[in-house]
Amino acid sequence: MNDTWIILGASSTIAKAFTRSVAETGAHVILAGRRMDDLDATAADASARGAAGATPVMFDARDPATFQQIVDTAVATGGTVSCAVFVGSMPAQDAIDADPSLIDGTITDSLTGPARFLQMLAPLMEAQGDGAIVGVGSVAGDRGRVGNYVYGAAKAGFATYLSGLRNALGRHGVHVLTVKPGPVDTAMTAGLGKQPFMTTADAVVADIHKALAKKRNVLYTKLIWWPVMTIIKLIPEPIFKKMSI
Amino acid sequence: MSETEYTGWGRALRAKGILTRPDTPSALKADAPATGNRRSYGDAPLNSGGTAMDMTRLDRIIAFDRETGVLTVEAGITLGELARLLAPQGWLPAVMPGTGFATVGGAIAMDVHGKNHHIAGSFCRHVTAITLIQDKPRKITPKSGALWKATCGGLGQTGIIAQATLQLTRARGDMMLVSERRATDWDHHIALLDASDAPYTVGWIDATATGDALGRGIVEEGETCRGLRPSARGTKKIPMDAPHWALSGPIVKAFNAAYYRRVPKSGRTVVRTIQDFFFPLDKIHDWNRLYGKRGFHQFQCVVPLDQSGALRDMMKMIARSGLASPLAVLKRMGEGREGYMSFPMEGYTLAVDFPNRPQARRLIAKLEAATVAAGGRLYLAKDALSSGDAIKAMYPDTPKWARTVAKADPDGHLQTDMTRRLDLRTI
């Protein structure tokens, strides 16, 4: 049976690396994103690397009207459908302070948009009784920090959503993997200078495949973020509120 | 954006400036010079005090015709990646330099050569189209005249090299059949290179051997062949800067003697992976750190065929100095070159690494003078020490190149530390 991967947010740096990795195994890739000319180039690249097929398709987290066509395109390939979610946006906290309406878009991009899409996809995956969902959140979702708590709140919501989806689909043979990367060397972090425990898109993708093979539920990448966030989560709120980390 | 310190591969010259790394082609603007993986040794990929654009995120295959071997790629893709992906499908880039980390854009900007130069010519001989970003995107081909010739080997000064179409060459498989023979001295070495009709030929030279053994080495001849696809093997890393004595005279001499004797007197034939044959050092990541934090220089020149005697004298100076590292290469080149500033000429090319020390810099200055006297030239992908007058004398088409570049980049946005150091763009 052939694999078909829906890749939501296919223009992101990690998504591009993930697309290559599954293309080289001969999967069919459905590249869902907003920048169609960029997706065309990524599709050509995936085909040259061995993908059984590569189809660019419009996806806008803020426009649910774009969702059904993605599901239909995936079904039409006839393969076992899996889905990897790489969407999200991170406006600077001070931009949000100046314009609180940015919160709506941030929550839609990182939480309600992808959740609504996965909810549409869930019955299909439940019926096929196979396949995987990879949801990329962030360590920023583990605790609200002064620097980016709106983004963190959206990612926290997404992690909780994925936890529930895992509970719902796990019993039907569908594996749900929550990925919590620390800072990754991508366009999103390009202007931020040197970050602690920075990793690369290729390393994140290698970790995702290892975690999928072992059916892990939650993946911290780099792994160091697991003990770090465990400690940060344990700091009592009266102390944490005085810290700026 | 914050400033970072960065270097070319030799790490002897440094730049402080802003490095950007565009993720989408629409972000490309011709307002700063482009760099690839910065595998040029000197200051060609540096822009001190300004901005340089790292192109390595724009690394997709845009179109590939498996029947004809015509491939269009974004310029940030590396030749090693192309070899890895394409060899199992029966194709290879027609020219591959000594490192697979070189990008297609860098290979064009330096008009690089490989072990098959005597047959295939330089990299740009196999490029059929280039998309240049000037004030707007522009596609050029070999019929574009001066702009084409100023772009191929043109140090990235005519615009941002965004995409290129390459005519690939057929590969019989993804392995190499390699014959290795000892060359006992200089004359024998030259004779073996002259007589070789293999598709890929290169000589490793023991740059520490003196007296009767001067110029000894190993001549490798290779052709592609079919074989089992090897399993992926891990790479090694140099974790830190080595101390300065790591590549000192006695250690290099001992290493070279052992390396020479590794091949039996009667020669041998071995099967290697394409990666091992073309990119032997890529297995050791960051091997440039072996030279310590002061970095190193590579001297590479080419001299005309009738000047092999002059090259022998240069080899003698190098061997006597005791400064050379194990990395030294001798190769016969053909005529094939594509641009005004392309390095190759029919003759012999010699490349030797030296740690960045005052004695080595003095020796390189002498070697440069000998190159000029022999009617040869230096390779700009390697140079870090030469002067503008010397380079302009070696590259008589510099004025034509500079005039074309002045039209293509009138405000000088694409200047680099190298074009400034050598004053190449002044008309």
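Modeller: The contact between the chains takes eleven residues from chain B and 13 residues from chain A; two residues are in contact if their C-beta atoms, placed from the backbone, lie within 7 Å. The model is a predicted one, in which local features need pLDDT of at least 70 and side-chain atom pairs count only at pLDDT 80 or more, while totals for chains, interfaces and linings use all residues. Residues are numbered from 1 along each chain as its sequence is written, and chains are lettered from A and ligands numbered from 1 in the order in which they are written.

On the side of chain B that touches chain A, strand S5 (residues 61–65) of chain B gives the most, with four residues. Strands (E, at least two residues) and helices (H or I, at least four) are DSSP runs, numbered from the N terminus. That side of chain B divides into six nonpolar, two polar and three charged residues. Here Ala, Val, Leu, Ile, Met, Phe, Trp, Tyr, Cys and Pro count as nonpolar, Asp, Glu, Lys and Arg as charged, and the others, Gly among them, as polar.

Now to the helices of chain A. Chain A has nine helices and seven strands. Helix H5 (residues 102–128) of chain A packs with helix H3 (residues 67–76) of chain A at an angle of about 30 degrees, their axes being 10 Å apart. Axes are lines fitted to C-alpha atoms, for helices over the stretch in contact, and angles run from 0 to 180 degrees between N-to-C directions. H3(A) and H5(A) are therefore roughly parallel; that term covers angles under 35 degrees, with over 145 roughly antiparallel, 65 to 115 roughly perpendicular and the rest oblique. From H3(A) the contact uses Phe67(A), Val71(A) and Val75(A), and from H5(A) it uses Phe117(A), Met120(A), Leu121(A) and Leu124(A). By class, this contact has seven nonpolar, no polar and no charged residues.

H5(A) also packs with helix H6 (residues 149–170) of chain A: the axes come within 8 Å and cross at roughly 10 degrees. H5(A) is therefore roughly parallel to H6(A). Among the residues in this contact are Leu111(A), Leu118(A) and Glu126(A) of H5(A), and Tyr151(A), Lys155(A) and Phe158(A) of H6(A). By class, the contact of H5(A) with H6(A) has 15 nonpolar, three polar and two charged residues.
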